[in-house]
Amino acid sequence: MNQQEFRQTFEQYFDAIRNYVYFMSSDVDLAEDIAQDTFVKLWDNRDTIILSTVKSYLYTIARNLTLNHIKRDKLKYNFIAQTELRQDNNSPEFELEQKEFKEKLEAVIASIPEGNREVFLMNRIEGMKYAEIAERLGLSVKAVEKRMSKALKIIREEIEFKI
């Protein structure tokens, strides 16, 4: 895909992609951001794009980006809701509980086998996608998924908190 084809694709599909994301999220600003991110990903992968499938590719990217954003927001909301239910944020008990939780989480993360821990930290701390992790580590995406699954299982068992 050359620059001219990209420009034509952008002009043809940008509004539709933005509207699609807005329909999924009901957030105008988020829809604009994700639509732009969708075309950035398209540009990054322009060498492998088949023009006849570009429309479905754009919608798939937009859908995945939106669902990932919603999933992150839900995780943040769940964590905040749980911590707010426990104690008032200004109480010494809450601060002690938060400190203990952080220490326990750090200890559990340190106990995860090296390969699994590396994948977990790259995904959850650095925000990398499985495909990016696989490329950097020279693994298959399935291997990354398996390592991530193992790390999350260990954390869930030890912490008893959905992460």
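Me: Is Leu30 buried or exposed?
Reply: In this predicted model, Leu30 counts as buried because its relative accessibility is 11%, and buried means under 20%.

Me: Where is Leu30 found?
Reply: In helix H2.

Me: And what is Leu30 in contact with, leaving aside neighbours within four places in sequence?
Reply: Val21, Ser25 and His69.

Me: How many Å separate the C-alpha atoms of Leu30 and Lys153?
Reply: 32 Å, with the two residues 123 apart along the chain.

Me: Pockets next. Which residues line the second largest pocket?
Reply: Leu30 is one of them, and so is His69.

Me: Which helix gives the most to its lining?
Reply: H2, with five residues. Helix H2 (28-44) and helix H3 (54-86) each supply at least two.

Me: How does the lining split by class?
Reply: Five charged, three nonpolar and two polar residues.

Me: Which residues make the contact?
Reply: From H5, Gly115, Asn116, Val119, Phe120, Asn123 and Arg124. From H7, Val144, Arg147, Met148, Lys150, Ala151, Leu152 and Ile155.

Me: And how do the residues of that contact divide?
Reply: In the contact of H5 with H7, seven are nonpolar, three polar and three charged.

Terms used: Residues are numbered from 1 along each chain as its sequence is written. This is a predicted model: local features need pLDDT of at least 70, side-chain atom pairs count only at pLDDT 80 or more; totals for chains, interfaces and linings use all residues. Side-chain values use heavy atoms; hydrogens and water are left out. Contact means heavy atoms within 4.5 Å. Helices (H or I, at least four residues) and strands (E, at least two) are DSSP runs, numbered from the N terminus. Ala, Val, Leu, Ile, Met, Phe, Trp, Tyr, Cys and Pro count as nonpolar, Asp, Glu, Lys and Arg as charged, and the others, Gly among them, as polar. On a 1 Å grid over the protein atoms alone, a cavity is a set of points where a 1.4 Å probe fits but cannot get out, and a pocket is an open set with protein on both sides within 12 Å along at least five of seven lines; lining residues have an atom within 4 Å of a point. Buried means under 20% relative accessible area, exposed over 50%, partly exposed in between (1.4 Å probe, protein chains only).
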